[in-house]
Amino acid sequence: MDFATFLIQLLNSVQYGLLLFMLAAGLTLIFGIMGVVNLAHGSFYMLGAYLAYSLSGHFGSLALAIVGGALLSVVFGLALEWLLFRHFYHRDHLDQVLLTFGLIYIFEELRSILWGDDVHGVPIPKVLDWSIPLTDTLSYPVYRLFISGVCIALAVALYLLISKTRLGMKIRAGAFNRDMAESLGVNIKLIHAIVFALGVGLAAVAGMVAAPVSSVYPNMGSSVLIMCFVVVVIGGIGSVRGALISALLVGLVDTFGKVLLPQVAGMLVYMLMAAVLLWKPEGLFKQ
């Protein structure tokens, strides 16, 4: 492997890892703070991709589609938390699994009714539809760098929100001791609603920015859900920092595994997870 090919694969792995982080961050926030096992999280990624397809066609701009889709997904997350999820916080995890597993089928049927079962494409904006030449024969698409930039910006914003704001202090307090935080006047129901909507929004934005490079197709949420759980388990359940480091590790192993060891590439990520759990059963970082 020459340096240019190595650089391309490294950039691909970072971009894939950052996209996984956006998905896994929402998943680990919802589980770590609310204690809800959400198997339907991949459906929010699919929702974002289909919103990008519809809204970009309506507005004629992917940027407006992302902004509008993010707002719609947050509102959808608030409504879903109010209608369903808040009634399952104190229920067994089995009840939560059954609820969210059923939601996967409901969302898939709604997707089929609203958008059909065809594969759709989302055009890359013209301003980003070019490549940076690395050698005479190899180049790297600017849009993939744009995806990485969006993911980094959202990761920094999430860090600042949780670590540096009063709302973040309440979120951390609710995650550490829900009953004590509530007794001190923190509106835990409101915190749960905000966290759930934030998780839905992150997953939807990931789907929207990925849509031009991955296409929009049925059951696309299922393909990323398992990888999200792998990232959360490796990083440590409830740890956003762990989700970031784990997502980058998974991106590196998966991308370079497909290039260097294609015969066993499908197993490498799970072998990594097994090795981490043998070393640290709680994951790389605690909540």
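This is a predicted model: local features need pLDDT of at least 70, side-chain atom pairs count only at pLDDT 80 or more; totals for chains, interfaces and linings use all residues.

Student: OK, how many cavities of 30 Å³ or more does the structure hold?
Tutor: One. The largest cavity has a volume of about 60 Å³.

Student: Which residues line the largest cavity?
Tutor: L39, A40, G42, S43, I104, E108, G221, S222 and L225. The elements giving two or more residues to that lining are α2 (41-59), α4 (93-115) and α9 (220-235).

Student: And where does the largest share of the lining come from?
Tutor: From α9, with three residues.

Student: What's the lining like by class?
Tutor: Four nonpolar, four polar and one charged.

Student: Switching to packing: how many residues are in the largest nonpolar core?
Tutor: It has 78, and those with the most contacts inside it are F21, M34, L158, F196, V209, I234 and V250. Helix α8 (residues 188-214) gives the most to this core, 14 residues.

Student: Take L158, then. What is L158 in contact with, leaving aside neighbours within four places in sequence?
Tutor: F21, A25, L29, L198, L202 and V240.

Student: Last one, Q15: buried or exposed?
Tutor: Q15 counts as buried because its relative accessible area is 4%, and the cut-off for buried is under 20%. Q15 sits in helix α1 (residues 3-34). Leaving aside neighbours within four places in sequence, Q15 is in contact with Y140, R144, I147 and S148.

Conventions
Residues are numbered from 1 along each chain as its sequence is written. Side-chain values use heavy atoms; hydrogens and water are left out. Helices (H or I, at least four residues) and strands (E, at least two) are DSSP runs, numbered from the N terminus. Buried means under 20% relative accessible area, exposed over 50%, partly exposed in between (1.4 Å probe, protein chains only). Contact means heavy atoms within 4.5 Å. On a 1 Å grid over the protein atoms alone, a cavity is a set of points where a 1.4 Å probe fits but cannot get out, and a pocket is an open set with protein on both sides within 12 Å along at least five of seven lines; lining residues have an atom within 4 Å of a point. Grid points are joined across faces, edges and corners, and a volume is the space filled by probe spheres set on the points. Ala, Val, Leu, Ile, Met, Phe, Trp, Tyr, Cys and Pro count as nonpolar, Asp, Glu, Lys and Arg as charged, and the others, Gly among them, as polar. A nonpolar core is a set of buried Ala, Val, Leu, Ile, Met, Phe, Trp, Tyr and Cys residues joined through side-chain atoms within 4.5 Å.
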